[in-house]
Amino acid sequence: MKIWTVSGARDRRIALVLDKRMSNTLEAPDLLATQKSKLSLRNVSRCFETPRGVLAALQDIHLEVREGEFLCIVGPSGCGKSTLLNLMAGLDRPTAGEVWMDGRHVDGPGTDRILIFQELGLFPWLTVRENVEFGLRMNGLAKRERRARGQHYLRLVHLSEFEESYIHQLSGGMKQRVALARALAAQPDVLLMDEPFASLDAQTRDMLHDELERIWAETGQTIVFVTHNVREAVRLGDRIVMLTFRPGRIKNQFCVQLPRPRHLEDPEVALTAREILAQLREEIHKAVEAEYQHEKRR
Amino acid sequence: MKKGARQLLFYLFLLALWQLIAELKIWPPYLFPTPRSVLEALRAGFTDQSFWVSLGVSTRRIALGYGLSVVLGISLGLLIATSRFLKETLGGLVVSLQSLPSLCWLPLAVLWFGLSEKAILFVVVMGSLLSVTISTELGVRHVPKIYSMAGRNLGARGLSLFVFVLLPASLPHLVSGLKQGWAFAWRSLVSGEMIFVSLGLGHLLMMGRDLNDMSQVVAVMVLIVTIGFLVDGLLFRTIEKRIHQKWGTAMPA
C-alpha cells in the first residue's frame, strides 16, 4: 500500500504551507513527533449474514490510528465506514482480526472511545444537560462533579443557554453540538464521528468545523472522522484513509500537511480534495454500478 | 362553541332524555329509576358512610392489585423483550392468556384462596398483569436500536441500560399499556368484589340487586364510571401530556 503525501507539483506549496504554519496561532499536535499508536485494527474483516447470502462489509483492514491524530475516513456509500467505527467503538465485533486500544484488546464498548452516531442518538426524554451528563452518570460521578463538567462542555459548544431544553426544541446544528458535548464530556481518548455534519446546511457545517478543530486543538484528543465528503476530510484531517467499495478495503492513504486553521474555501483545500477525489471517483462508479445492477435484478 | 360547553350540553341532553323516559312510566320505578332517585341514593349512600367505606376498601384493593401488576408486568415484559428463549416460550403464552376474560380466573381464585381478599387481588392482578406485560415488551422491542447503542457507548450496562435507556425510551408505548391495564384492573376488581360480602363497590352493586333497589345499583355504577374517568382523564392524560411535551410528539386525540 502506498502512502501518498499530497504534494507533487505542490512541493513548493507544502513548503510555503509549512512557513505559514509557523505563524499559526492554532497549534496542531505535531503528527511526526507523536507516532505512538492509539487505536489499531489488525487484519479486521466483518461479514454480515443477509437473506441473499454473506455480505463482506470490510475486508482485511490494517490501520493504525496515532495518538492525537485527526484521521478522516472517506469512501463511497456502502463501503463499511460506519461498520468500521462500530468496530472501533466495540459496539460490534469483527468476523476476523482484532481491534486494539493502547495495547489492550478491545472486546466491548468503553468510555475511552466515544462514538457520535450519524443519527446522533440523543435521548428525547432527557434535557440537553441530562443528555450531556448521561455518560458521567453511568460512570458513577457525583452529582456536583457531573454538573460542573457538563456545564464546562455545554459552554464549549455554546449551548449553556439551552441546558434545560428538550432535544426536539433544538435545531439540527444545535443537536449536533449536544451530541459533541455529550461525547466530549465522557472525556474519551478517542472520539469517533460518523458523518456528523452530513445533514447540516453549509453555514452551520462551517461553524462546526471551526469549533471541532478548536476543541481538538484544545483537548489533544484523537479523532477518527468518517465522511463521504472529501473536501471536508481535507479541511479537517491530518491523514485521510480511502476505502474501496464493497467489500471495504483500504485503497489509499494521504497525509494532508496544509496549515491550520483551514477553510473549506481555501484553494489548497480544494486542489488537494480534487486530487483525492480523482482516485475516489473510480470507487464511486463501482458503487453506482452495483446499485444499477441491483435495480436491474429486481 | 367551546369543548367543555359542548360536553355539558350533551350530558344535560342525556339527563333530560332519561327523565323523559322515566316520566313515560313504561317500566315501574323500581326497574327504571329517575335521575332524581339515583341522586337521592348517592346522597344517602354518602351520608350513611356506606359509599365512603366501599370507596376506601376498593381503592386500597386497586392500589395494591394494580401496583403489583405494574411492577410484575414491567419486569416480565422487560425479560421477555430481551430474551429470545422467553419470547418464544412465555411470550406466546402471555398473548394467548390475555384473551381470557379476567372473570374466568374467579372460580379458580375462590377454590385456591377461598372467599378472601387474596381471591379478589388475584383476579385484579390476572386482569391487568398481562396487558402491562405485553405493552412493555412491545415498547422495549420498538425502541430504536440507536438508543441502546448510544447508551452502551456511554457506559450503560445491564440493569442501568434497562432503567436509564430502555424503560424511558419505551415510555410512550408503555403508558398506553398502563392505561389499558388500569381499565382491566378496575373492571376485574368490581366483578371480583361481587362474589362475597367484600364491602367494596362491587358488593354494594350486588346488595342493590338483592334489595331490588335499582336506584342504588345505578348510583354505584355512576360512582364506578366517575372514578374510572377521573383516573384516566386526570392521571393518565397528565402523564401522557408530559411525555409528549418532552419528546415533542403530537398528543393522540
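Call a residue buried if 20 or more other C-beta atoms lie within 10 Å of its own, exposed if 12 or fewer do, and partly exposed in between, with the C-beta atoms placed from the backbone. By that count, 36% of the 253 residues of chain B are buried. Keep in mind that this is a predicted model: local features need pLDDT of at least 70 and side-chain atom pairs count only at pLDDT 80 or more, while totals for chains, interfaces and linings use all residues. Residues are numbered from 1 along each chain as its sequence is written, and chains are lettered from A and ligands numbered from 1 in the order in which they are written.

Let's stay with chain B. Its C-alpha trace spans about 70 × 55 × 30 Å along the principal axes. Its secondary structure comes to eleven helices and zero strands, where helices (H or I, at least four residues) and strands (E, at least two) are DSSP runs numbered from the N terminus. Take contacts, meaning C-beta atoms placed from the backbone that lie within 7 Å: among those in chain B between residues at least 6 apart in sequence, 71% join residues at least 24 apart.

Now zoom in on H4 of chain B, residues 84–98. This helix kinks by about 35°, centred on B:Leu90, the bend being the angle between axes fitted to the seven residues ending there and the seven starting there.

Over in chain A, an automatic or database assignment sets the domain bounds: domain 1 covers 3–29 + 36–106 + 189–297, and domain 2 covers 125–187. Their contact takes nine residues from domain 1 of chain A and seven from domain 2 of chain A. Helix H6 (residues 202–219) of chain A gives the most to the domain 1 side, with four residues.

Technical notes
Expected span 1.5 Å × (residues − 1). Contact = placed C-beta atoms within 7 Å.
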